Amino acid sequence: MALPKKKTSRSKRGMRRSHDAVSIPNPIYCECGELKRSHRICSACGTYKGVKRIAVQEPDVAK
Ligand SMILES: [Zn+2]
């Protein structure tokens with residue numbers, strides 16, 4: 001089996017991993033101020049284009 005000739009240095013390993021971080025795709029702010037994805041119903045207030053689409057359960061304050 002083919003093996004690398006040299007151990008990958010900390011620097012080269014870090015350069016490779018600089019692109020590994022996962023980011024939220026296309027994040028925008030809803031009218032309610034919550035971060036949401038575009039073309040999706042807001043999970044916090046349940047609205048899409050200013051129209052209430054789904055009922056959203058209020059998160060439990062007592063935790
Ligand atoms: Zn919202």
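Which spacing do the donors of the zinc ion follow along the chain? They follow C-x1-C-x9-C-x2-C. This is a predicted model, in which local features need pLDDT of at least 70 and side-chain atom pairs count only at pLDDT 80 or more, while totals for chains, interfaces and linings use all residues. Residues are numbered from 1 along each chain as its sequence is written, and side-chain values use heavy atoms, leaving out hydrogens and water.

**Zinc site**
- The zinc ion has as protein donors (N, O and S atoms within 2.8 Å of the metal, or 3.2 Å for Na, K and Ca) the SG atoms of Cys30, Cys32, Cys42 and Cys45, at 2.1 to 2.4 Å.
- The arrangement is tetrahedral because the four donor atoms subtend angles of 105 to 114° around the zinc ion; for four donors, the term requires all angles to lie between 85 and 135 degrees.
- Cys30 counts as buried, with 7% relative accessibility, whereas Cys32, at 42%, counts as partly exposed; buried means under 20% relative accessible area, exposed over 50%, and partly exposed in between (1.4 Å probe, protein chains only).

**Surface and strand S1**
- Tyr29 belongs to strand S1, residues 27–29 (strands are DSSP runs of E with at least two residues, numbered from the N terminus).
- The relative accessibility of Tyr29 is 64%, so Tyr29 counts as exposed.

**The loop residue His39**
- His39 is located in the loop that lies between strand S2 (35–37) and strand S3 (47–48).
- With 63% relative accessibility, His39 counts as exposed.
- Although not a glycine, His39 has a positive phi of about 60°.
- Most residues other than glycine have a negative phi.

Methods
Four donors count as tetrahedral if all angles lie between 85 and 135 degrees; four count as square planar and six as octahedral if opposite donors are over 155 degrees apart and all others between 65 and 115; anything else is irregular. Helices (H or I, at least four residues) and strands (E, at least two) are DSSP runs, numbered from the N terminus.
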